[in-house]
Amino acid sequence: VILDPQFLTIEVLGQVLKTAALLRVTPAAYGCMIPFSIICSVAWKELPVAVHNQLLELMERFEVCFRVYHQVDQHSLVELCCVIPSLLNPIKPEERADIEPVKPEVYRQIRFSMLPVELTSRLFVLLHPLLQVPIKLWKDAAILHYRGQKVIICSFLERSMIEVSVVGDSN
């Protein structure tokens, strides 16, 4: 199957990235996850059902999203969901103050001459295996866990900077 790149960008991703429709119909219990069934029924309703899984795989390959399996409670079915970091809300200043460590073991600032908007989203997609449940992820911040340490990543587009703080054993 050969897909036209403009079709993929305009029709497929453009429909998924229409945040209002997707997020409005996603129940609050899902947090930052969007059920795949909602993406298919809202964003891709005009496309053949046979290509929905292929489109999800392409979105993963292009680092737009990652898949997770979610169960609202012990009586519900496990459901395939997607996390699309670029659709999430930015972290609020009061939330940022709550997640930032008082004295991190390791602290790094990475400055860029220009920080592309999608860089943070793609970074979070690549690092998603380090997220723990419940997922602590915003459009511009994430709490990861690596080798028993908590890693806090915050992006500041206005300053073209990414901060990384590590809390835990300094080894």
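**Figure 1. Ser121 is a buried residue of this predicted model, with a relative accessible area of 3%.** Let's start the tour inside helix α6, which is where S121 sits. Which residues does S121 touch, once those up to four places away in sequence are set aside? The partners are V64, P85 and S86. Remember as you look around that everything here comes from a predicted model.

**Figure 2. The whole protein chain has six helices and seven strands.** Step back for a moment to get your bearings. Reading from the N terminus on, the elements follow the order α-α-β-α-α-β-β-α-β-α-β-β-β. The chain has 171 residues, and 39% of them count as buried. Its accessible surface is about 10,600 Å², and carbon and sulfur atoms account for 57% of that area. Now think about contacts between residues at least 6 apart in sequence: 56% of these join residues at least 24 apart.

**Figure 3. Three strands form an open sheet in the order β1-β3-β2.** The pairing in this sheet is antiparallel. Which strands lie at the edges? They are β1 (34-35) and β2 (66-70), each of which pairs on one side only. Look next at β2 and β3 (residues 79-83), which are joined in the antiparallel sense over five bridges. As a reminder, strands of a sheet pair through backbone hydrogen bonds, either parallel or antiparallel.

**Figure 4. The side chains of Arg122 and Glu63 meet in a salt bridge.** Side chains of opposite charge can pair when their charged atoms come close. The structure holds three salt bridges, and in this one the N to O distance is 2.6 Å. R122 belongs to helix α6 while E63 is in the loop between α4 and β2, so the pair ties together parts that are 59 residues apart in sequence. Are the two partners buried or exposed? R122 counts as partly exposed, at 39% relative accessibility, whereas E63 counts as buried, at 18%.

**Figure 5. Arg67 and Glu60 form a salt bridge through their side chains.** The N to O distance in this pair is 2.9 Å. R67 is partly exposed, with a value of 28%. E60 is also partly exposed, with a value of 24%.

**Figure 6. Asp140 and Arg96 make a salt bridge and are both buried.** Here the N to O distance is 3.4 Å. The pair links distant parts of the chain, with the two residues 44 residues apart. D140 is found in the loop between α6 and β5 (141-146), and R96 is found in helix α5 (residues 93-99).

**Figure 7. The cysteines of this structure form zero disulfides.** A disulfide is a covalent bond between the sulfur atoms of two cysteines. C32 counts as buried, at 14% relative accessibility. C82 is in no disulfide either, and its nearest cysteine sulfur, that of C65, is 4.6 Å away. With a relative accessibility of 0%, C82 counts as buried.

**Figure 8. Trp44 is buried, with a relative accessible area of 1%.** You can find W44 in the loop between α3 (36-43) and α4 (52-61). Now look for V16, which is 28 residues away along the chain. How far apart are the C-alpha atoms of W44 and V16? The separation is 7.6 Å.

**Figure 9. Ile110, Phe112 and Leu119 make a nonpolar surface patch.** The patch has an area of about 220 Å². F112 lies in the loop between β4 (106-111) and α6 (117-127). With a relative accessible area of 32%, F112 is partly exposed.

Definitions and conventions: Residues are numbered from 1 along each chain as its sequence is written. This is a predicted model: local features need pLDDT of at least 70, side-chain atom pairs count only at pLDDT 80 or more; totals for chains, interfaces and linings use all residues. Side-chain values use heavy atoms; hydrogens and water are left out. Patches are made of residues with over 30% relative accessible area and no salt bridge: like charges are joined within 9 Å, nonpolar side chains (Val, Leu, Ile, Met, Phe, Trp, Tyr) within 5 Å. Accessible areas come from the Shrake-Rupley method with a 1.4 Å probe; for residues, only the protein chains shown count as cover. A salt bridge is a side-chain nitrogen of Lys or Arg within 4 Å of a carboxyl oxygen of Asp or Glu. Helices (H or I, at least four residues) and strands (E, at least two) are DSSP runs, numbered from the N terminus. Buried means under 20% relative accessible area, exposed over 50%, partly exposed in between (1.4 Å probe, protein chains only). Two strands pair if DSSP finds at least two bridges between them. A disulfide is a pair of cysteine sulfur atoms within 2.5 Å. Contact means heavy atoms within 4.5 Å.
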